[in-house]
Amino acid sequence: MPNILAMDVGGTHFRVALFDDSGKIISVYRGETLRSGGREWMLGELRQRAEALRRESSEPVMACGVSFGGPVDFKRQRVTSVHTPGWENFPLSEWIEAQLVLPCRVDNDANAGALGEFRFGAGRGTESLIYITHSTGIGSGIICNGRLHRGRDSMAGEIGHLPLKESDSRCTCGLMTGCTEALASGRALDHMARDLAEHHPDQAARLLELCGGDPGKATARELIEAARQGDAAAAALFASAIRSLALALIMAIRLIDPDKIIFGGGVAQLGDFLIDSLQNALKEWWSDQFPNTTEIALAELGDKSPLYGAAALALQITG
């Protein structure tokens with residue numbers, strides 16, 4: 001039976017993997033992204049690693065799927081990234097098809113993560129789900145009635161850019177309206193941690209201990225750990241971020257009523273602490289008129305959800 005290639009292109013690391021036709025990883029290469037190398041460096045790495053995996057494949061390789069860490073116009077199969085220089089309006093699938101002589105499909109990493117968890121992970125057996133990658137930013141992908149919903153402009157599922165309130169917190173999308181990402185992402189928690197440590201050291205004793213006494217080294221990791229240990233100021237900031245995220249989730253639940261909401265990404269490594277905190281915050285919007293039985297769960301595939309989603313894209317080509 002034929003094998004397929006899957007690629008996961010991110011700003012911190014990238015993966016190129018060989019899968020069999022059942023969605024099992026045969027071999028995978030993981031590398032660190034050289035930001036200074038730009039697009040041409042990454043393209044060279046993808047071609048080199050894909051060709052190496054293809055040579056070691058015992059079966060013909062029939063297709064390639066790609067998860068890209070940024071906006072993608074799925075209909076045109078072009079990267080439209082606005083925050084990664086050099087990738088704007090780049091025809092990535094066309095390039096891969098020319099270089100590897102393989103049919104290819106490309107989608108953004110949140111959509112790929114949703115597809116990966118739906119087909120191979122925590123979303124198996126569901127009809128609808130929302131996959132959320134909660135890391136430096138917040139992205140999401142939506143499965144409805146067993147199909148990935150991308151929307152007219154390939155922008156469906158941007159839960160990180162729901163404007164929750166008027167705010168001076170500038171978001172990466174350029175708005176200043178208090179997007180979910182500006183209020184609850186890993187980047188937002190980093191800013192909260194540094195602000196607390198630098199401007200309110202009398203309230204940040206445990207936080208400062210965790211970052212070695214240097215306010216400039218305070219990050220989301222230390223803030224969350226201080227909150228977990230019961231530090232009042234850190235717990236209040238974390239609770240504020242969780243409430244903002246829960247508000248975005250309840251909007252999504254009201255609109256879609258999914259079977260599951262699945263969390264992946266770096267902040268999701270908090271595990272049950274994140275899930276329990278969200279469940280408690282969501283209770284604020286529960287009522288008899290609006291029952292909420294949507295399950296909040298962690299990604300089964302860990303940080304490989306988008307890679308498995310890329311494999312699912314390739315398997316859609318091969319049928």
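This is a predicted model: local features need pLDDT of at least 70, side-chain atom pairs count only at pLDDT 80 or more; totals for chains, interfaces and linings use all residues.
Most residues other than glycine have a negative phi. N145 has a relative accessibility of 69%, so it counts as exposed, the cut-off being over 50%.

D257 is another residue to look at. Its loop lies between α8 (232-256) and β11 (260-264). The phi of D257 is near 55°, again a positive value in a residue that is not glycine. D257 counts as exposed because its relative accessible area is 51%.

From the loops we turn to a sheet. Strands of a sheet pair through backbone hydrogen bonds, either parallel or antiparallel. Here five strands, in the order β3-β2-β1-β4-β7, make up an open sheet with mixed pairing. At its edges are β3 (25-32) and β7 (104-108), each of which pairs on one side only. On average, neighbouring strands of this sheet are turned by 15° against each other, direction ignored.

Strand β2 (residues 13-19) and β3 run antiparallel and are joined by seven bridges. Within β3, G31 is the residue that stands opposite F14.

Helices also lie across these strands. Helix α1 (residues 38-56) lies across β1 (3-9), β2, β3 and β4 (61-68), and runs at about 25° to β2. Helix α10 (residues 305-318) lies across β1, β2, β3, β4 and β7, and its angle to β4 is about 140°.

Technical notes: Residues are numbered from 1 along each chain as its sequence is written. Side-chain values use heavy atoms; hydrogens and water are left out. Buried means under 20% relative accessible area, exposed over 50%, partly exposed in between (1.4 Å probe, protein chains only). Helices (H or I, at least four residues) and strands (E, at least two) are DSSP runs, numbered from the N terminus. Two strands pair if DSSP finds at least two bridges between them. Axes are lines fitted to C-alpha atoms, for helices over the stretch in contact, and angles run from 0 to 180 degrees between N-to-C directions. Contact means heavy atoms within 4.5 Å.
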